[in-house]
Amino acid sequence: MKYHFNDIEAKWRKYWEENQTFQAQNNSDKPKYYVLDMFPYPSGAGLHVGHPLGYIASDIYARYKRHKGFNVLHPMGYDSFGLPAEQYAIQTGQHPAITTETNINRYREQLDRIGFSFDWSREVRTSNPDYYKWTQWIFTELFHSWYNKDTDKAEPIETLITQFTNEGNELVNAVCDEDIIPFTAEMWNAYDEEQQQKILLQYRLTYLAETEVNWCPALGTVLANDEIVNGVSERGGHPVVRKKMKQWSMRITAYAQRLLDGLNRIDWPQPLKDSQTNWIGRSQGASVKFQIPNSKFQISVFTTRPDTIFGVSFMTLAPEHELVEKITTPEQKEAVEAYIEQTARRSERERMADVKTISGVFTGAYAEHPFSKEPIPIWIGDYVLASYGTGAVMAVPCGDERDYAFAKHFNIPIPNIFDQDISENAFTEKEGFKIVNSDFLNGLSYKEANEKAIEALENIDQGTGKINYRLRDAVFSRQRYWGEPFPIYYVNGLPKTIDPEHLPIQLPEVEKYLPTEDGQPPLGRADVWTWDAEKSVVVSNELIDNETIFPLELNTMPGWAGSSWYLFRYMDANNEDELASREALDYWQNVDLYIGGSEHATGHLLYSRFWTKFLYDREFLKVDEPFKKLINQGMILGESAFVYVLQPKLISPKGNDDINVNAQVLISKEVYEEINDGGNIESLPKPLYDFVFENVKHFQEYNLRAKDYKINFVCFKTTIDVKYVNISNEINLTGFSEDERYKALKNASYFDGEKVINNQDVKVVREVEKMSKSKYNVVNPDDICDQYGADTLRMYEMFLGPLEQAKPWNMAGITGVHSFLKKFWKLYCDDYGLLVTDSPASKDSLKTLHKTIKKVEEDIENFSFNTSVSTFMIAVNELTAQKCTSREVLEPLAVLISPYAPHIAEELWSKLGHTESISTAPFPEFDEKHLVESTKEYPISFNGKMRFTLELPLDLPKEEIEKAVMAHEKTQHYLEGRTPKKVIVVPGKIVNIVG
RNA sequence: GCUCAAGUGGCGGAAUUGGUAGACGCGCUGGAUUCAAAAUCCAGUUCUUUCGGGAGUGUGGGUUCGAUUCCCACCUUGAGUACCA
């Protein structure tokens, strides 16, 4: 019986599928455990070896938990709405649903080959109407909710209407729009329906608003802040401009504090928590109002340093600030307008890149200091951002570096309110100083002055303590086709939701996936995209009468809509009446272990926490955090392959024509660096020179045009697709024949440093880069499975190093893991059959087994999967040496390894006579008694250096150990005649002789 | 610039509370088997050495009988972030 991994793996994949081995039950006496992977976007490129890394880790954990007696939910699905399918549709006219389906099937085939224990009966796809029905439903729930700051949670909009009806809005403490007009109960009741709806829209958790958005003309859509990197779109790198549009927004800011607080209760990597904390950007301080004398205007600012209020020597407004044009004096008008124009012309990119230049202009206006009543000049400057805080700052040059630089640049006074030196730099510390020159704050510390200043501001009604967040409300509309349609239609321009019983509102057919000519989103092209409010059906656009038949929303939802709640759908994936049943939600609660990449830190992971908290507030869920524990798996990098090429050329006397001579030579990196510049062939090493000269001359004999041309050459580095490179970094040039890209290289020669030789296997130079199709360094897991099997792939991916660490994919070690599995197999059977016997195991074998149980269990609990692979290797090496054939050792060993290498474990398990899947077997129990030793190999150190070991009984007392060591002949040798000053004996550990 | 993480053989990496540095695997060297190769098996493999030893976990200090592990300073690399008032 040989280890035919391909047959074995196919057999067990089939068995698991037919027997639904990994189907989770929604009611069970066992404790529950929910293991989830971040679901993939099914791209056309398929999976590469980097994708399954996290899936393998979570699968090992899920299988381990099953052995440990848990009812495990371990599902998989697809985040199947998204841009690439739509881009492809635009280019080819192919419906995105079709490409998506094809891609999903490819993913599924690839996933299946690796032997994951997913419960596929619960698969979800965000683009499936049965699924997005509930995404739409959650949207309507958000629409019909408001955030009550008094109860600190979301409530149904009805509770707000009741308050309006009874007492108006003055006592309402809600998270809402800023420009709310106060009204009484009488006024509310007198408003017509339309007026009331307009007001309610200012309170809803999802609302329509003119928003300044990041518009990407090239993609024809709005992007979220986290979809923009360095001022260009994350996908495609297209420029992004600011533009005002009517958009759906989500009032995530209502949850800012709770999103922050929740971080303390979840087990996530610190860097991830840090980036959410930064993204939310809480800062505590005060809001201060500065009056502009002789006018009705006042400037409101936010400051984190109210203690420095007496250090204010000017104010700066963002150029976009609405007061700028109102307060600018006639004398300064020209300069101000010129400056505004100048900043508007600068692109976001420029403004970001250029942090050094200080610019600004005086408006001519003055504000009044709230305490000293001194006039304060008001400037504008583009270092103040319109989108943060109030778009205005009180500038304290002695305590803030930007204010300091600005003041220095424009010769504005810098009053010092610290007992510190500020002649060179601003003093920005918050400790180790006393306030001076500050009236009633003199002599106080930061903390004392802060409190006192806020109190004083509140007393004169010029300010109040305030907490500010950097987090903005999330724009929720996308001008896209391939996304969830909004369940919204418009009556007189006011949005109304479609009742839940009529959901889902399915995506309409369109003939093209582009925006319309007049700039409407692609859904503007649909002919049947109108809501009949009486019959509750989508009907043809011609029927719009705005009485019973109304236009539907043309935007679609963003990618994060479907992924914000999918974890709950898996709990009851096929439920047609609810998002998931109450019982399923109560039983599974939330995800115990979530594994995925760190790129979702401020997108998916923040939004899904927000939606979970909302669903919790509205009592659909019993938990308010989606993912209890989260692990970021490190990226697997590709090892791109390169060769250096010398290309001989012929150049016409005038230099206006050149011909590549088909006599390329591959050269080493060293030679390349020497002759890098190209040019005259006289500079080449002799053998190369001869080769080039001979070939070019030969060429010229047959090409009369080139007769007078000058011989020249260029050198370049070129990428070789890794599929042409073998495990020893060699490429076979003849293997190139069918690939257009390498046609020119097919017949290239090779210069080995001494001579030019023909058509040899050449070694490539490797460089570590991100694994991607465009870098030709993608390794497909299917190929590994073909060659070595899924069990080898699984173990090797784990063996590469710690899960969280980024590491390059290097095939060099895979043979070691593969031969380990062969060796493991040989423990159980040889060519003639099963070797396992019922004879009792030796003491040593039991020790090996229990040592392994202990280590593997600890490793899995600590997610240290790489070290358990080594542990298995050691165990197999030892058991092979011990010639162990005992069932009492080999049977538990098969269970131990089954989370890692499930196929081989199942096969051996059935050979051992079991009829049920090994996944039902309990995890072996560790028994300390097999590891108890009677003696210890004591390391004997001299001044901390280990010199030799000495075996002594473990129960030997300290004094006896010392005696035995001192009596040893080697001790005298290492002492070299010295008398030891001290002998440290730690029983069971070590002996150290000092002196 | 700021924040965080990490620096260990030729390579990936191991070392649980401070206690035998380099487990395990790759690669390399030598050997067995073979007509030969693959595969398999055995031995060796941190550096250095006058073969007694000596040095050694990014660098320099410190604490300790003893430091890869703890503390301080610095260097390098990687990741995130970017005028946040």
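A: **The RNA surface and its setting**

Chain A is divided into domain 1 (283–468), domain 2 (647–770) and domain 3 (933–994). These bounds come from an automatic or database domain assignment. The centres of domain 1 and domain 3 are 71 Å apart, taken over C-alpha atoms.

This is a predicted model: local features need pLDDT of at least 70, side-chain atom pairs count only at pLDDT 80 or more, totals for chains, interfaces and linings use all residues, and side-chain values use heavy atoms, with hydrogens and water left out. Residues are numbered from 1 along each chain as its sequence is written, while chains are lettered from A and ligands numbered from 1 in the order in which they are written.

Start with the RNA. RNA strand B is surrounded by 46 residues, and the closest are Thr 303, Thr 304, Tyr 388, Leu 800 and Met 873. A residue counts as near when one of its heavy atoms lies within 4 Å of the strand. Sugar or phosphate holds 59% of the atoms of RNA strand B within 4 Å of the protein; the rest belong to bases.

Several elements build this surface. Each of the following supplies at least two residues: strand 12 (298–303), helix 24 (814–828), helix 26 (865–881), strand 38 (935–942), strand 39 (945–953), helix 30 (969–975), strand 40 (982–986) and strand 41 (990–994). Helix 26 gives the largest share, six residues. Helices here are DSSP runs (H or I, at least four residues), as are strands (E, at least two), numbered from the N terminus.

Leu 800 places a backbone N or O atom 2.6 Å from a sugar or linking oxygen of RNA strand B. Asn 992 has a side-chain N or O atom 2.8 Å from a base oxygen of RNA strand B. A polar contact is a pair of N or O atoms within 3.5 Å; within protein, one must be able to donate a hydrogen and the other to accept it, and residues adjacent in sequence count only if both atoms are side-chain atoms.

Now to helix 23. Helix 23 (residues 790–799) is largely enclosed by the rest of the structure, because nine of its ten residues are buried. Buried means under 20% relative accessible area, exposed over 50%, partly exposed in between (1.4 Å probe, protein chains only). The buried residues of helix 23 include Asp 791, Arg 794 and Glu 797. Gly 801 follows helix 23 and has a positive phi, near 155 degrees.

Other backbone features sit in loops. Most residues other than glycine have a negative phi, and most peptide bonds are trans. Gln 589 has a positive phi near 60 degrees. It lies between helix 18 (582–588) and strand 24 (593–596) and is partly exposed, at 35% relative accessible area. Glu 619 also has a positive phi, about 65 degrees. Its loop runs between helix 19 (604–617) and strand 25 (630–632), and Glu 619 is exposed at 55%. The peptide bond from Leu 503 to Pro 504 is cis, with omega near 0 degrees. Pro 504 is in the loop between strand 20 (494–497) and strand 21 (530–532).

One cavity of 30 Å³ or more is counted. A cavity is a set of points, on a 1 Å grid over the protein atoms alone, where a 1.4 Å probe fits but cannot get out; lining residues have an atom within 4 Å of a point. Its lining is Phe 143, Gln 197, Leu 201, Arg 204, Leu 494 and Pro 495. Helix 8 (193–201) and strand 20 each give two or more of these residues.

Arg 122 is buried, at 7% relative accessibility. Its side chain makes a polar contact of 2.9 Å with the side chain of Asp 119. Ser 117 lies in the loop between helix 4 and helix 5 as well, and is buried at 0%.

Terms used: On a 1 Å grid over the protein atoms alone, a cavity is a set of points where a 1.4 Å probe fits but cannot get out, and a pocket is an open set with protein on both sides within 12 Å along at least five of seven lines; lining residues have an atom within 4 Å of a point. Grid points are joined across faces, edges and corners, and a volume is the space filled by probe spheres set on the points.
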